[in-house]
Amino acid sequence: MIIDVNAFLGHYPFRQLRNNSAAAFVAHLDRNGIDRAVVSSLHAVFYRDAHRGNEELFAETRAHASRLIPVATVNPKYVGWERDLAECVEQWKMKVVTLLPEHHGYSLADAQGRAALAKIAEYGLPVLLTQRLEDRRQRHAFDRAEDLQLNAVLEAAQAYPRLKFMLVNWAGLDGKRLVDAGIKGRCLIDLARLQVVFRKDVPKLIETLGVEAIAFGSHAPFDYIGGSLVKLANIETLRPADYEAIAWRNAARFLDLP
Amino acid sequence: MIAVEAASVPRPHAIKRCVRELGHERVLFATDATMEGCVGKVLSADLTSEQREDIFWRNFQRILDRRTA
């Protein structure tokens, strides 16, 4: 069993993506031997009203509920976001909420960011923070979102000591700084942009945060799934139980999946 | 002989395109120090296992063999 915790559905305005509808993505998961995926809406990133993207995502994933786990997107700068989040969580039972401060024009430390983090913490759900959507090389001139900075995450972790963090598509994570910020035991980090073989990012994070902090993720459909599968297969000295933990058990536990 | 190497080709479907346009015997494997990504890229490309084996090692082995012959 493998659960991919870093995936998207929908169109990206600056690059053609493949396998980005629910049906096509499920077929793509099948071709790659992936059982389930945590999917966010790209439309919710770029629509003026993010919640329209949530509605689409909910409608599209309903027919694939055993395979696709939808993520609620919140833009705390848009009027009525609390009501929209309530619909995602209370009616549609979404299990994780993503914030995109670099795309929606706020910071995790300002009034909007703090309000959103506090509300997510109140629901007891994890916040999913993607460091970047697109490779910075050869980006479209209008594609200007900066990478989310680790300092902002560490400050949020200290300000909200019960909030759980899913950090996906991150590179350059320093395990010691994460531990010092008190995030150990309440974070899940995917391996999509981490190296296993040369730079040993994943073994180092396991050393500092424990194997329970690592999960399989691909960043599909931006990236191909094969790279992450190779990483999973190459995590050295991994006991079978640890392999299972990274492949799916950590994600299932963290998101309280049935 | 002109060959392309897999690290400089951004995605699996682009590798497939190289194979279609140039022939799989002209595609060489390389990592540019991102081992998993480049192995995964070749594994994710829509190729036969024979084509993958050629790209992973046989094509370059043939070049070496020609030089030592």
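This briefing describes the interface between two chains and the packing inside each of them. The model is predicted: local features need pLDDT of at least 70, side-chain atom pairs count only at pLDDT 80 or more, and totals for chains, interfaces and linings use all residues. Residues are numbered from 1 along each chain as its sequence is written, chains are lettered from A in the order in which they are written, and side-chain values use heavy atoms, with hydrogens and water left out.

**Interface of chain B and chain A**

- The contact (heavy atoms within 4.5 Å) takes 14 residues from chain A and 16 residues from chain B.
- About 1,100 Å² is buried between the two chains, 62% of it on carbon and sulfur atoms; buried area is the accessible area (1.4 Å probe) that two parts lose on being put together, summed over both.
- On the side of chain B, B:Arg11, B:Met35 and B:Glu36 lose the most area to chain A, together 50% of what that side buries.
- The interface has 0 salt bridges, a salt bridge being a side-chain nitrogen of Lys or Arg within 4 Å of a carboxyl oxygen of Asp or Glu.
- Helix H1 (12-22) and helix H2 (35-44) of chain B each give two or more residues to the side that touches chain A, and H2(B) gives the most, with 9 residues. Helices (H or I, at least four residues) and strands (E, at least two) are DSSP runs, numbered from the N terminus.

**Helix H4 of chain A**

- The buried residues of helix H4 (residues 81-91) of chain A are A:Trp81, A:Asp84, A:Leu85, A:Ala86, A:Cys88 and A:Val89; buried means under 20% relative accessible area, with a 1.4 Å probe and protein chains only.
- Their cover includes helix H3 (50-62), strand E4 (72-74), strand E5 (97-99) and helix H6 (111-123) of chain A.
- Just after H4(A), A:Lys93 takes a positive phi of about 60 degrees.

**Nonpolar cores**

- A nonpolar core is a set of buried Ala, Val, Leu, Ile, Met, Phe, Trp, Tyr and Cys residues joined through side-chain atoms within 4.5 Å.
- In the largest core, of 81 residues, A:Leu99, A:Phe165, A:Leu178 and A:Ile189 touch the most other members.
- Helix H11 (residues 240-254) of chain A provides the largest share of this core, 6 residues.
- Another core, of 11 residues, lies apart from it and includes B:Ala6, B:Ala14, B:Val19 and B:Leu47.

**B:Gln51**

- B:Gln51 is placed in helix H3 (residues 49-68) of chain B.
- B:Gln51 counts as buried because its relative accessibility is 16%.
- Not counting residues up to four places away in sequence, B:Gln51 touches B:Val19 and B:His24.

Definitions and conventions: Buried < 20%, exposed > 50% of the residue type's maximum accessible area, 1.4 Å probe, protein only.
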